[in-house]
Amino acid sequence: MKFICTQENLNKALNIVGRITNKNSTLPILNNVLLKTEKGQLKLSSTNLEIGVNYLVGGKTEENGEITVPTKLFANFVSNLPNGNVEIKLREDVLNIKCNGYKTNIKGLDAKEYPLAPKLEADSIFKIKSADFKKALTQISPAISSSESRVEITGVFMNLSELNKNKIMLVATDSYRLAEKSIDLEKDNINKEFKNILGNINSVIIPKDTVQELMRSLDESEEMLEITISENQILFNFGSASIISRLIEGKYPNYKQIIPDKFELQVIINKNEIIKGIRVASLFSNVSNNSIELKLLAGSKNIEISSETSDLGNNNTKIPAENINKSLDILYNHKFLMDGFNSLDGDEVFLQLNNETLPTVLTSAVDKGFIYVIMPTRA
Amino acid sequence: MTNEQLWQAVLGELELSISKANFTTWFKNTGVASKNEDEIIINVPNGFTKEWLENKYHKFILKAIQNICPTIKKVAYKIGKSQSTTTEKNNSYLNKKDARNYSTANEKTYNNTDSFLNPQYTFGNFIVGSNNELAYAACLAVSKKLGTAYNPLFIYGGVGLGKTHMLQSIGNEILRKDPSKKVKYASSEKFTNELINAISGKNTKAFKEIYRKIDILIIDDIQFLAGKEKTQEEFFHTFNTLYENNKQIVLSSDRPPKAIPALEERLRSRFEGGMIADVGSPDYETRLAILKAKAREKNFEIPDESLNYIALHIQKNIRELQGALNRVIAICELDNSYPDIKKTTNILANIISQPIKKATTPKNILKIVSDFYDVPIDNLIKKNRRKEIVKPRQIAMYLMRTEIKSSFPSIGSWIGGRDHTTAMHAYEKISREIENDKVIEQEIHLIIERLYN
């Protein structure tokens with residue numbers, strides 16, 4: 001194998017491919033990255049047997065070949081190289097790399113031992129702008145659960161049952177809060193045959209690790225992301241990269257019915273003001289359940305955020321707010337509340353509540369597709 | 001030969017020709033999905049395994065299968081999902097039961113069974129030694145004569161000595177004999193939470209009915225009811241109702257009822273009205289027996305010498321004992337070695353050689369003592385001769401002397417600038433009381449445990 005490309009391209013590829021964490025310690029080769037020349041380009045692949053990432057680097061192929069080298073070592077080395085052309089050459093099982101004055105030999109392992117990435121033969125279901133999908137994931141991902149005891153909520157739920165209305169729904173929850181984003185797709189970007197391809201699949205659950213890998217790898221660009229789905233795997237194709245991942249088996253909770261459809265209170269607040277207020281209040285939040293209190297007084301033009309810890313002291317912040325027509329004191333976990341406001345778009349946001357035990361819903365004026373539901377904490 | 005036996009035989013053969021790492025990676029969670037005359041379909045857990053088996057091991061697998069079943073000509077692989085989950089997904093995408101589960105998710109209880117028992121805990125796998133024979137016998141008697149033998153049964157002892165195992169065994173044994181019996185097992189935290197939820201949901205009546213219609217109530221770690229007055233009151237009523245109807249009640253705690261602070265007198269006297277049994281630290285022989293049973297349960301071959309070493313060096317706590325054995329098993333399985341005495345010593349070196357006592361500070365002692373007796377630190381330091389404050393204060397001084405070896409004058413200065421003779425008096429007084437009073441001894445033991453955990 002002999003291949004020449006720029007350091008920038010190779011480094012970018014390794015940044016995407018090299019982040020997959022290996023949970024499977026029994027197979028040491030999983031700590032390696034696979035390099036393979038393919039159609040005049042260099043293909044980098046890595047996997048942890050749950051998710052597989054491929055990335056094609058453009059350059060000049062002078063001799064075909066394949067090898068695996070330790071990912072961390074290779075990535076660290078390449079990131080330290082100066083800008084310029086990098087030449088990689090394979091001699092038996094040693095990869096030698098040349099770049100300006102740098103010359104290195106890295107010992108590799110046979111590519112034949114590397115796990116083969118599964119193929120997904122089906123046609124893609126729909127396309128979406130990378131930037132849009134990345135933003136949606138960024139908005140809802142804080143709510144993904146990490147709890148091992150309920151695997152079905154440790155991922156993002158993608159509801160496809162409204163594809164015929166050109167709509168998909170992304171949902172994440174950890175049972176204390178829930179984020180839902182509905183995305184409108186352009187009709188031309190949906191495969192007309194989607195019903196036949198999907199069969200009886202009307203939703204999938206994408207594992208948290210895969211979501212994080214996607215958020216890292218996707219550019220905020222107009223580039224299209226193509227999604228292919230089968231019963232237990234999902235494939236994302238974008239630009240030079242492709243990510244294939246397993247799906248989580250199980251049934252996602254029927255979250256719809258915990259979202260109230262009527263609200264007694266719809267308070268309008270400025271997002272940045274309340275985020276500042278929460279940040280200050282969080283310093284004095286209750287140690288045992290991280291709660292802070294929002295105090296609403298009917299007719300008042302302010303929301304009061306307060307917190308108190310007997311050892312440290314207390315804090316009280318007033319934030320201008322409109323439309324308070326009922327008095328209510330309500331407690332929240334400050335982190336969950338903060339995550340919610342941070343995910344909202346625009347300055348003007350709505351805090352919609354009923355009472356101190358029912359879920360509260362946060363929405364914004366500009367982004368109608370996104371809602372964030374949070375359970376109040378109990379005193 | 002069943003499909004499962006066939007696959008076991010095939011795996012046995014494959015294991016010989018493939019390295020261990022590859023074998024465990026690629027053949028974990030595989031099985032036979034279906035089989036007929038000349039074709040067999042193998043279930044694999046994911047796409048990677050499917051690709052690998054199809055492309056790399058196909059020949060080996062086919063050959064191994066043909067050795068056992070010569071008629072098979074074709075082997076196919078499919079990503080396996082058990083049949084039941086697929087159908088469930090299709091039929092009940094939206095159903096009410098799920099919604100109920102969701103709403104209780106906040107309470108962190110995902111268990112569906114009503115009793116909340118863990119079926120792993122049975123009398124069958126409980127090891128009896130001199131430290132726990134009384135408690136064991138009492139539990140056994142209770143499970144045989146529900147409500148009449150000893151009611152209530154109160155079991156106490158330190159952490160990791162098998163209280164929960166015994167309690168759950170009672171429940172499991174009763175259910176095994178008569179599945180129609182209503183067994184309720186709850187930690188006192190869960191009991192409290194359920195009560196709080198019932199109060200906030202204005203649903204206390206339902207709560208009362210659930211708890212008063214059962215045949216046996218088992219509450220673990222009852223000491224956590226201390227200081228929760230409303231819960232104590234509710235528990236008191238539940239207790240009385242069950243007791244009057246001759247329903248069995250079993251409780252556990254880390255200390256005897258007398259030593260639980262802030263427990264109402266009427267509850268305390270009721271706890272003491274039945275049978276009280278304690279569980280102590282296991283002796284050497286018991287520890288060894290436990291290790292042997294655990295090793296057998298896990299099907300792990302380990303020489304007596306190594307078990308002996310573990311039993312000798314880990315003395316206090318059964319949970320730690322089990323942890324040490326698990327560590328040996330895990331490491332030996334990982335590098336495929338035999339756990340002889342040398343290997344075992346190596347593996348456990350950093351667990352055992354750890355200094356048993358971390359350093360503590362006078363401040364820490366004050367804090368733990370004040371938490372334990374529920375008196376503010378300020379009151380311990382201020383001038384105050386009320387009895388409920390004097391005792392904790394003296395115990396704090398005693399602990400500073402015994403645990404940190406502080407000088408008497410410095411102890412005095414920590415406790416609000418008192419004279420060194422005060423500290424000396426406190427030390428002597430508590431030392432004397434420990435010899436005569438079991439309760440104080442137990443309390444100090446518990447405080448010390450908390451100091452270092």
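Here are some questions and answers about how this predicted model is described.

Q: What makes strand S16 of chain A mostly covered?
A: A residue counts as buried if 20 or more other C-beta atoms lie within 10 Å of its own. In strand S16 (residues 233-238) of chain A, five of the six residues are buried.

Q: How do you know that S15(A) and S16(A) pair?
A: Pairing asks for at least two bridges between two strands. Strand S15 (residues 224-229) of chain A and S16(A) are linked over five bridges, in the antiparallel sense, so they count as paired.

Q: What makes S16(A) and strand S17 of chain A a pair?
A: Again, at least two bridges are needed. S16(A) and strand S17 (residues 241-246) of chain A have six bridges and pair in the antiparallel sense. Asn237(A) has Ser242(A) of S17(A) as its bridge partner. The hairpin of S16(A) and S17(A) has two residues between the strands, and Gly239(A) takes a positive phi near 50° there.

Q: Why are S6 and S10 of chain A said to stand at the edges?
A: The open sheet here has eight strands in the order S6-S2-S3-S4-S17-S16-S15-S10 (chain A), with antiparallel pairing. Strand S6 (66-70) and strand S10 (126-129) of chain A each have a single partner strand, so one side of each is left without a neighbour in the sheet. From one strand to the next, the twist averages 20°.

Q: What makes S14 and S22 of chain A edge strands?
A: Their sheet is an open one of twelve strands, in the order S14-S11-S12-S13-S25-S24-S23-S18-S21-S20-S19-S22 (chain A), with antiparallel pairing. Strand S14 (203-207) and strand S22 (328-333) of chain A each pair on one side only. Neighbouring strands of this sheet are turned by 25° against each other on average, direction ignored.

Q: How do you know that S20 and S21 of chain A pair?
A: The requirement is at least two bridges. Strand S20 (residues 302-309) and strand S21 (residues 313-322) of chain A are joined by eight bridges and run antiparallel. Within S21(A), Asn315(A) is the bridge partner of Ser307(A).

Q: Which strands does helix H5 of chain A lie across?
A: Helix H5 (residues 208-217) of chain A lies across strand S11 (155-159) and S14 of chain A, running at about 75° to S14(A). H5(A) also lies across strand S4 (51-57), S16 and S17 of chain A, and runs at about 170° to S17(A).

Q: Which strands does helix H7 of chain A lie across?
A: Helix H7 (residues 334-343) of chain A lies across S22(A), to which it runs at about 90°, and across others including strand S13 (177-184) and strand S19 (291-296) of chain A.

Q: Why is a set of residues called a nonpolar core?
A: The name applies because the members are buried residues of nonpolar types, joined through C-beta atoms within 7 Å. The largest such core has 94 residues, of which Leu44(A), Ile140(A) and Val156(A) touch the most other members. Leaving out residues up to four places away in sequence, Ile140(A) touches Val156(A), Leu170(A), Val171(A), Ala172(A), Ala179(A) and Lys181(A).

Q: What residues make the contact between helices H8 and H9 of chain B?
A: From H8(B) come Glu194(B), Leu195(B), Ala198(B) and Ile199(B), and from H9(B) come Thr204(B), Ala206(B) and Phe207(B). By class, these are five nonpolar, one polar and one charged residues. The axes of helix H8 (residues 188-200) and helix H9 (residues 204-212) of chain B come within 7 Å and cross at roughly 145°.

Q: How many helices and strands does each chain have?
A: Chain A has seven helices and 25 strands, while chain B has 21 helices and eight strands. Of the 379 residues of chain A, 39% count as buried; for the 453 residues of chain B the share is 33%.

Terms used
Residues numbered from 1 in each chain as written. Chains lettered and ligands numbered in written order. Predicted model: local features only at pLDDT ≥ 70, side-chain atom pairs only at ≥ 80, totals over all residues. Buried ≥ 20, exposed ≤ 12 C-beta atoms within 10 Å, placed from the backbone. Contact = placed C-beta atoms within 7 Å. Axes fitted to C-alpha atoms, helices over the stretch in contact; angles between N-to-C directions. Helix = DSSP H or I, 4+ residues; strand = E, 2+ residues; numbered from the N terminus. Nonpolar A, V, L, I, M, F, W, Y, C, P; charged D, E, K, R; others polar.
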